[in-house]
Every structure is written in C-alpha cells, then in structure tokens.
Amino acid sequence: MLAMLSTRRTARRCVCAGAVALALLGAGPPLAAGGGDRPDLSRFYRQKVSWSACGADMPKDMQCGKVTVPLDYARPGARTLDLALARYRATGPSRGSVLLNFGGPGGPGVQQLATGADDFMDLTNGYDVVSFDPRGVGRSSPVTCGRGGDQDPASTGGSPDHSDPQALIKQWQRVAAECARSSSPVLAHIGTVNAARDLDVIRQALGDKKLNYLGFSYGTRLGAVYAAQFPDKVGRLALDGVDTLTESLAQQGVVAAEGQQTALDDFLDWCVREVTCPFGQDRRAADAQVLRLVRSLDKNPVSTDVGGRLSGQDLVGAIGQALYSKRTWPSLERAVAALVDDGDTRRIEAFVPGGVALPTRREPAERRDGGLVDPADVPLDNTLAAMMAINCADDPDRPGAGQITRDLPRLRADYEQASPVFGQYRLSELLMCYGRPKGSDFIREKVKNVDTAKMLLVGTRGDPATPYRWAVETARRLGSSAVVLDNKGDGHTGYGSSRCVHRKVNDFLLYGSLPPDGSSCPADPAATTNR
C-alpha cells in the first residue's frame with residue numbers, strides 16, 4: 001500500500017557533501033523495549049551518518065548515506081546490515097530530521113524520495129527530510145524469490161484455481177522455499193518489529209534526541225510499533241492512511257477488496273460520461289465489460305513488448321494501483337483504451353505492482369555480506385518479495401492445510417461478494433504466508449496504550465486501501481496519545497491530495513500545532529483533469 005504522492009521534480013540549490021562513511025561518536029544507546037539483560041548495542045548507537053552526492057540518476061541536491069544495524073538484535077556481535085539513506089537538507093534553521101516511510105511494505109524510500117520530493121519541500125523549512133530503504137528492501141540487502149516468483153499464484157499469467165486448495169498450497173510452498181533459497185540471511189530477520197529497532201538506530205545516527213516521523217499506509221504500522229518499543233523517544237509522529245494493528249490477513253483482504261470495488265465504481269461513474277471511455281457510456285454495462293476483459297485476459301494473456309505476458313489478474317492489480325488517486329483516472333482510462341483498441345500493454349504495465357510475468361528475471365544480487373547493493377542489482381521482484389516477507393513476518397496466523405481446505409470455499413464467497421473484480425486477486429494473496437515461519441504476535445499483543453507524546457493520525461473517508469475506521473480503531477488502541485484528523489476526501493492517504501491535510505500535518509511536524517481530536521478536512525475538488 002504505497003502512498004499516492006506527486007511525482008514532480010523540484011530544482012533546489014546543490015548542497016556540497018563529503019564521502020559516504022560511518023564515524024563513531026561518544027553517545028550511548030537509549031533504553032530499548034524488553035527490559036532485563038539486553039545485548040550490547042552501543043557500537044550501533046555511536047554511529048554518525050556521513051553524506052555524499054547520490055549519483056548521476058538522482059537529484060543533484062539529494063544526499064545519500066548509510067547506517068549499519070545488527071542482522072539479529074539478539075546477537076549484535078554477529079552479522080550486520082547496511083541501510084540506505086537519503087536526505088534533502090533543511091533550507092534554514094533546522095530542528096533536526098524528519099524521517100519518511102512511504103508504505104508498501106516493500107517500498108524503497110530512497111527512490112521514492114527522489115521522485116516525490118515536491119510533496120515534502122515545505123518540511124525543509126525546519127528539517128532535514130530523510131528517507132531510507134528498510135531491511136530487505138531496495139539497496140538494503142534486498143530479498144527476492146528468484147525464479148520462484150514466476151510461480152506466484154497471484155502473478156503466473158492466468159487465473160489461480162481456488163477450487164483446488166491443495167494445489168494452491170503446494171504452489172505457495174514452492175514459492176516460499178524459493179524465496180528462502182534466493183534471499184540473503186535478512187529474510188529470517190525481516191519484519192516491522194526489527195525495522196522499528198532500525199528506526200531508532202537511524203534516529204541516533206542522525207543526531208536526533210527524538211524521532212520525528214511521517215509514515216504513510218504501511219508506514220503507519222511501522223510508526224505505531226516504534227511508539228510501542230521506544231515511547232520515550234517519540235517526537236512528532238504523523239501517520240497518514242492508518243493501517244490496522246489487529247485484523248488478520250483474511251480480514252484485511254476483504255476490506256481491501258471492498259475498498260477497491262468502491263473506488264472502481266466511482267471511476268466507472270466518471271468514465272462513462274466521457275466519449276473516450278473504453279467501457280462505453282452505459283453505466284450498467286460497464287461493470288460487465290470490466291469483468292469480461294479480466295476473464296478474457298486470464299484465459300488468454302497477451303504478450304508484452306519485453307516478452308512477458310499480461311493476464312487478467314495483472315490488469316486487476318494495475319487498476320487497483322491506479323485507483324489510489326483520482327489524479328490517475330485519466331491515465332487509467334487511456335491505458336485501458338490502448339489495451340482494448342490496439343493491444344498495447346505498455347501504459348497498463350506502468351501501473352502493475354512489480355511488473356507483469358516475465359520469461360526471465362534478473363538474477364539476485366550476489367552480495368550477501370550485508371553491504372548496500374548497487375541500484376542496478378536490486379532484484380526485479382524485490383517490492384513484491386519484500387511485501388510478502390514483511391506481511392508474513394508480522395502475522396502470527398498459520399492455519400494448517402486441513403483448515404485452509406475447509407475454509408477456502410467460504411472465503412472465496414466472501415471475497416467475491418466484497419468485489420467481483422478484486423476478490424479473486426485478494427484471495428490469492430491470502431495464502432502467501434503458507435510455507436513460511438510463523439510471524440510475530442508483537443503487533444497484535446503489545447502495540448496498545450502507548451505512553452508517548454501526542455501523535456497525529458489521518459484517516460480518509462474514501463480511502464480504497466486503509467479505511468477510515470482503521471484510523472479510529474488504531475487511535476483507540478494506541479490510547480490518549482492519538483489524535484485523529486478526519487479527511488472527507490477520496491484516495492489512498494491525504495497528505496499528497498488534500499491541501500487541508502497537508503497544511504495540518506505540516507503545522508504539527510514543524511510547529512507542534514495539533515488539530516482538535518476528531519476535527520476534519522473537507523474534500524478537495526476532484527482532481528481528474530489533464531486528460
């Protein structure tokens with residue numbers, strides 16, 4: 001669930017920098033969650049980031065660096081990982097850093113900060129704006145499923161057969177085994193609990209006494225876990241597009257299908273009023289046209305220019321991604337029209353999460369010493385592989401094969417009722433953790449009643465991925481520290497689409513000015529222009 005932010009580029013002054021390195025300072029580590037005898041993490045908390053220019057393909061005024069963290073926090077004297085960082089310097093007096101996480105899980109923060117910088121330039125009035133590639137993501141020891149990703153039932157170039165649970169289970173077991181073989185040792189230590197501990201090491205390495213943080217979608221889960229682990233280190237935390245802390249993957253899938261179906265209905269309401277709508281001008285017929293196109297592509301996937309195949313489920317994933325923001329509706333309309341009228345898949349491929357099924361995949365990076373990998377060596381499937389790995393590491397449910405076989409018919413009916421279009425796609429994701437180790441129960445059991453400084457939680461009424469009720473439920477679970485801002489608009493997250501949300505979040509992060517709990521922002525005028 002990546003936040004839908006603008007992709008404009010900003011011309012800012014160039015900032016000189018030195019070479020990338022790690023230096024040691026004298027500060028010791030803060031107390032961490034857990035109590036009792038803790039392993040010695042002092043060498044990690046004595047780091048300071050040194051920054052340099054990021055490279056030819058990155059903005060000239062963005063700087064890059066790294067921080068080293070333990071692979072296993074229980075054994076900090078053993079293997080380590082480097083985490084990639086990037087920042088834009090404050091343009092005036094700085095109160096420190098604000099860290100950004102754009103969601104996913106599996107989204108590389110460095111690349112997203114490079115392409116979406118305009119949305120955050122206001123924050124440089126008071127902060128260095130920093131993002132990072134979490135462990136297992138982007139350049140930070142990226143996980144991959146190698147060629148096993150080609151066997152992912154959700155992206156095999158056709159429609160998964162949910163009538164045969166045993167075959168699906170075996171298929172996901174093969175995927176899990178190949179992911180374990182192809183990834184570095186970080187796979188066994190991935191997940192939000194460790195990523196939150198990494199956040200605290202980054203905070204100290206940046207020289208900040210408190211963590212100031214802006215997290216979107218999955219990034220809200222990460223922020224909430226940090227608050228539970230390090231309550232005394234919480235500065236100004238803003239969480240936009242609030243994720244659930246309690247619902248199972250099965251429940252989350254139904255909610256996601258319902259939200260995406262509502263967003264699709266809204267898109268079709270808009271589309272049929274246009275003579276160029278590829279689904280025609282009859283609103284009732286448009287629903288059937290969408291289903292017919294998906295089923296046709298599942299039965300006969302079309303070839304792409306790069307030798308891959310675009311299936312109906314690939315199309316569903318692309319539509320779901322495009323529905324995150326009304327700003328992308330015109331682009332989605334043109335992409336589907338090109339596919340229907342000319343068999344041109346290129347525009348749709350731009351929306352497909354992780355790309356379409358390819359005949360070959362980039363081989364995993366050979367580097368397994370925990371150092372940063374070269375951008376060109378990040379595996380093509382890293383975003384999807386990391387999403388699966390992190391979500392599974394955060395989920396303690398592992399039903400047996402017998403229970404899955406018994407439950408699947410009921411779940412299939414529930415998902416198809418939630419959405420005729422997105423139900424099957426979401427149901428395929430439900431089994432992705434089968435064959436993987438049981439995940440942590442820390443989030444469900446421990447992330448509640450946090451004793452921290454006030455936090456701002458933004459929920460959007462028309463969010464297709466993280467419904468408004470999750471913001472309310474999460475705030476109730478976190479306790480009196482949580483303040484909810486009700487965004488009456490549409491789209492996934494509010495910071496990049498609502499002027500009111502943008503202003504109120506900035507006022508909180510820059511000046512500590514919180515809106516009253518339960519206050520609201522009106523919906524902005526529809527942004528479906530620039531046809």
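Predicted model: local features only at pLDDT ≥ 70, side-chain atom pairs only at ≥ 80, totals over all residues.
1. Disulfides as a set. The structure holds five disulfides. With the bonded cysteines counted along the chain, the pattern is 1-2, 3-4, 5-6, 7-8, 9-10. Three of these bonds are taken up in the next points, including the one between Cys 54 and Cys 64.

2. Cys 54 and Cys 64. These two cysteines are joined with a sulfur-to-sulfur distance of 2.1 Å. The torsion about their S-S bond is about 105°, so this disulfide is right-handed. Cys 54 sits in the loop between strand E3 (52-53) and strand E4 (62-70), while Cys 64 belongs to strand E4, so the bond ties together parts that are ten residues apart in sequence. Are the two partners buried or exposed? Cys 54 has a relative accessibility of 22% and counts as partly exposed, because the cut-off for buried is under 20%. Cys 64, with a relative accessible area of 12%, is buried.

3. Cys 145 and Cys 179. A disulfide joins this pair, S to S 1.8 Å. Its torsion is about 90°, so it is right-handed. The bond links distant parts of the chain, 34 residues apart: Cys 145 is in the loop between strand E7 (128-132) and helix H3 (165-182), and Cys 179 is in helix H3. Cys 145 is buried at a relative accessible area of 2%, and Cys 179 is buried at 1% relative accessibility.

4. Cys 500 and Cys 521. The sulfur atoms of this disulfide are 2.0 Å apart. What is the hand of the bond between Cys 500 and Cys 521? The torsion is about -70°, so the disulfide is left-handed. Here the pair links distant parts of the chain, 21 residues apart, with Cys 500 in helix H16 (residues 499-511) and Cys 521 in strand E14 (residues 520-521). Cys 500 counts as buried at 9% relative accessibility, and Cys 521 counts as buried at 0%.

5. Strand E9. Why is strand E9 (residues 234-240) described as largely enclosed by the rest of the structure? Seven of its seven residues are buried, so the description follows from the count. Strand E9 is joined to strand E8 (residues 211-216) by five bridges, and these two strands run parallel. Within this pairing, Gly 215 stands opposite Leu 239 in E9. Between E8 and E9 the chain passes through helix H5 (residues 218-229), and this β-α-β crossover is right-handed.

6. Strand E12. Four bridges connect E9 to strand E12 (residues 455-462), and this pair also runs parallel. In this pairing, Ala 238 stands opposite Leu 456 in E12.

7. Rolling a probe the size of a water molecule over the atoms shows where empty space is left. The count comes to six cavities of 30 Å³ or more. The largest cavity holds about 150 Å³ of space. Its lining has 16 residues, and those nearest its centre are Arg 221, Thr 244, Glu 247, Gln 252 and Asp 394. Helix H6 (249-271) and helix H14 (442-446) are the elements that give two or more residues to this lining. What classes of residue line the largest cavity? Four are nonpolar, five are polar and seven are charged.

8. The second largest pocket. About 610 Å³ of space lies in this pocket. It is lined by 34 residues, and Leu 187, Ala 188, His 189, Ile 190 and Ala 393 lie nearest its centre. Which elements each supply at least two residues of the lining of this pocket? They are H3, helix H4 (192-205) and helix H11 (382-393). H4 gives the most, with four residues. By class, the lining has 17 nonpolar, eleven polar and six charged residues.

How values were computed: Residues numbered from 1 in each chain as written. Heavy atoms only, no water. Disulfide = S-S within 2.5 Å. Buried < 20%, exposed > 50% of the residue type's maximum accessible area, 1.4 Å probe, protein only. 1 Å grid on protein atoms, 1.4 Å probe; cavity = no way out; pocket = protein on both sides within 12 Å on 5 of 7 lines; lining within 4 Å. Points joined across faces, edges and corners; volume = space filled by probe spheres on them. Nonpolar A, V, L, I, M, F, W, Y, C, P; charged D, E, K, R; others polar. Pairing = 2+ DSSP bridges. Right-handed = clockwise from strand over helix to strand, strands pointing away.
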